[in-house]
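Try each task before you read its solution.

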Amino acid sequence: MSDSKERTGMDRGIIKKSDIPKLAGERRFFAPAREGTVPPGTCELQENPAEIAYGFSNVRAPLKEIFFPQTETMYTFDFDEVTDVPIPAEQILVFGCRPCDARALAQLDEVFGPENKGYTDPYYMKRREGSIVISLACSAPCPTCFCTATGGGPTETRGADLVAHELENGQAGDGGSLLIEAVTEKGRAFLESHKKLFGEASDQLVEEIREKDAAAVEAVRRANELGVDLGRQIDALKERMDPLFDDERWQQLTAGCIGCGACTYLCPTCYCFDIADESRMYEGRRIRTWDSCQFAMFTKHASGHNPRTNKKERLRQRFMHKFSYAVENMNEVLCVGCGRCITACPVNLDIRDVIRSFAKEPSRENAS
Amino acid sequence: MSNARTAEIQKIAKDLLEEGKVELFIGFQEGTVPLRSRPAFVQAEAVESLVWDSFCANNLAVYLPKYYENQPGRRKKREKPYPKIGVAAKGCDMRSIVALTKERQVQRDSLLVVGVPCEGMIDTRKVEAAVAAKGGDGGAAAADEILEARETEAGKLEVTTRSFGVLSFDREEVLQDCCLECRFPMPEGADILLSGQARKPGDGGYARIEQFMKKSSEERWDYFSTELSRCIRCNACRQACPTCWCKECFAEQTDLKWIGVGNTPSDAMIFQIIRVFHQAGRCVECDACYRACPMHIDLRLYTKKIVKDVEDIFGYLPAFDAEALPPLATFGDEQCDFFITDPDKAETAEGTGQ
Amino acid sequence: MKTPVEQKPARQQSPANPYLPYPVVIEDITIENEAKDLKTFKLAFEREEDRKAFRYLPGQFAEVSVLGSGESPFGIASSPTEQDYLLFTVKLTGSVTAELHGSEPGRRLGVRGPLGNSFPWDRLRGKRIVIVSGGFAFTTLRSAVTYMLHPDNRGNFGDIFALYGARSPGELMYKNELAAWKASDSIDLNLAVDREPGEPWDGKIGLVPNVLRELAPSAEGAIALVCGPPIMIRFTIPVLQELGFAKEDIILSLENRMKCGIGKCGRCNVGAKYVCVDGPVFSFAELEQLPPEY
């Protein structure tokens, strides 16, 4: 993978870990850190951390918090007149998210962009336009991740502008460095504009990295075999789940659910939201906030009628949305296999059980 | 011990189901991640999946009201007889069942409680913190360090880790604080009791509250607002709590709208304040809310405070007596009523009497 | 086999901010029924360019915004042929509608739209139209009938049969329009009330599905538009099928809880279809393929 003279910008380079914050410039800078009240053994994407954390599997919360904040003012009003429409124009740099989260961001781009039913969400898209995402490739699976089953992988590049790999001691001399490779035009331009911070990366180094990548992919695949590869056949689960919508297995799969929204709120691709007005006397704002299909009130009509009255129906909706409806509407599986829902669930409901349960059904095409 | 208890609970459940004494048995099965067993809803053919070990921390009483409610939209009283449900219960679970009985959310006589004298449950967070500490400087990624965890006959917890080999802990080192402090590990009033001893009762853990109350109000406010700043309004605390059973939570009302729906700090704080106050006289400190919170908010400090306040002021603690009604649900002659009869009366020592 | 319902009316590109409502003013408020919980609001755009941009077809809806209370989706009751205003009929059910019902002419509101798909006008051209409706679901059908009866459009359609039922005579909406349509040769309007009204009444008596069976409009070259409460729809569809209507030729309008109205917030889906963009108009054939979560 050598530099091509026709393309503008830089393809790759080696940068010291200590220089990463210098890439931020004027941008709002987010990186993994352990400051403040983060529980032991975890880290999260924090703004302008004093020290960037490494040696973690994944950050607590996915990227959606940055681009699609949990509570966002859409506009303010005074009495009956709109006074301000704060569409964000900020520039953002994210460093250190995992490839699964970057891929999730690409999926949210589809959701909030015009391909999804023709409308564009300006609040999300404006932030995205001004952002650069540098993901950090994984070298080993963690017990709850299954990215390869959903069509992703520990080293994939979709959704990131640049991908970073940690270099070991001995590679590129002093350890404490990263290889950063550009994925998009934006990424190449970004490297070019910061080239003073980068040293050259040899072809041999890159080759070593590619070998490590292949080993990581293999390791994840082996660690979490779910009986389906949605990368190879995106509707593999859809074609099995659609005819089994009323199947009694849903009752057993969802029996323990207590109906909280932890899974949806920590999920990188769950995006349902509510719109509400908050006002005091005559001044106020219209806000957008996260909402969850797991909440009982989510679909309740003003008349009192509720199309989904029980937890089984609501939990089924979540899985059907991710593995069937999104495939139909956007050609995406809205799950990146990050495993946060598994660790967050207070009753240890496991999305992998659902996937395995349907994956073992015969394919409709092959059914005799 | 846990192998013996697993076998015992499987046998009891099997007999109950086969004899038709219950239609469904709610217990625990092996979890899909280390250090977790998870709620199981079994019928006769699935009793072999039941387990009992030190990872059975969930409060199973949270599932019960659903079996006794009228169907949504139907105003007529239940016409079918109530279903017969079997449920495994530790001390805290049993106290929740009693609380729900008092509030008419479960029919005690169609519930068959299999009591487990509780030895305490292991705190996954304590184990994760201990593993993280091995990594030094803020810690390794605890969640994926832990590959496997098992209890030994000798009362130890052995945790197989990726980077640090097998670590061994004494149970007491890694038990949940609510278990160390628990005053009621024996589920009194259960219909069937598993064999074995419960742990010795703890002291209730009020010392921490007393310490905390010595801090200035600025310090206490600072702690509360910092903890609650992490709240994402996921409602896991509310949903995990057996005595949060309201069909429409105050937080969801739109008419009147008490709090907003987002995670604005004041909304998050008021939500928790009101939720804890609604639990006064009802909370059994099972710590289900604390465990459920994905942001690790220190909810148990505040639930313990409300429990202590109710005990101090009313001499009441929700335990096993279904006849002892919660103080906020009763109003007797001996209680003060000056706020009705003489609202201008200044708050004197008499005026604020019980 | 998916049956396309119709094309959406040509919309220019998505507005820059589809969450921002157009400002409108209440010109007039009419109480529609005896119970006084149904009011029709006549709204005028404050800006001419907004009025021009708001090109809609009967069947579509809009989100009416009351700043400080919230938004609610309502079917558009006016026809695009009534160019100077929009009509929405609002039932008093919750906090936003309470705010609306307490309003006076002159108050400024907001309107976002037009949203959703319309009745399948491409397919309806040249056909006979059979309209069946009950209760306060008649709103978008007022739009449809006014549109069809307009001299510019009337020639595009065959006979129009309409059956509209309510609990009692006082609960029928749009009494002026109903009177005009009753007198008109261009439409065969039949009104029904559930039971003996205890006042002079020259319409039918009985529940809508039963009256429909009695009147038995022909299905020959016809498409049925059905709007009503779920229970009415459930009993009307078999009657239409008895009369010979094919599933693709029975057109329904669904309701669901909606917020964004533009297919983003994820709330109103029935299976893979979002009621706010893929609907609210669906054929019965389409609905049968969807999970019964509505």
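Two residues count as in contact if their C-beta atoms, placed from the backbone, lie within 7 Å. Keep in mind that this is a predicted model.

**Exercise 1.** Work out how many residues of chain C are in contact with chain A, and what kinds they are.

*Solution.* Start with the contact count: 33 residues of chain C meet 40 residues of chain A. Next, sort the chain C side by type: 13 nonpolar, 11 polar and nine charged residues.

**Exercise 2.** Find the domains of chain A and describe how they touch.

*Solution.* Begin with the bounds: the assignment gives domain 1 (12-223) and domain 2 (238-359) of chain A. Then take the centres over C-alpha atoms, and you get 25 Å between domain 1 of chain A and domain 2 of chain A. Now for the contact itself: domain 1 of chain A puts in 35 residues and domain 2 of chain A puts in 26 residues. On the domain 1 side, strand S4 (71-78) and helix H2 (99-112) of chain A are the elements giving two or more residues. By type, that side of domain 1 of chain A splits into 17 nonpolar, 11 polar and seven charged.

**Exercise 3.** Which residues touch the most other members of the largest nonpolar core?

*Solution.* The core has 279 residues, and Val94(A) and Ala224(C) come out on top. Looking at elements, H2(A) gives the most to this core, with seven residues. Finally, zoom in on Val94(A): leaving out residues up to four places away in sequence, Val94(A) touches Phe30(A), Leu45(A), Leu63(A), Ile66(A), Ser131(A), Val133(A) and Ile134(A).

Key: Residues numbered from 1 in each chain as written. Chains lettered and ligands numbered in written order. Predicted model: local features only at pLDDT ≥ 70, side-chain atom pairs only at ≥ 80, totals over all residues. Nonpolar A, V, L, I, M, F, W, Y, C, P; charged D, E, K, R; others polar. Domains from an automatic or database assignment. Helix = DSSP H or I, 4+ residues; strand = E, 2+ residues; numbered from the N terminus. Core = buried A, V, L, I, M, F, W, Y, C linked by C-beta atoms within 7 Å. Buried ≥ 20, exposed ≤ 12 C-beta atoms within 10 Å, placed from the backbone.
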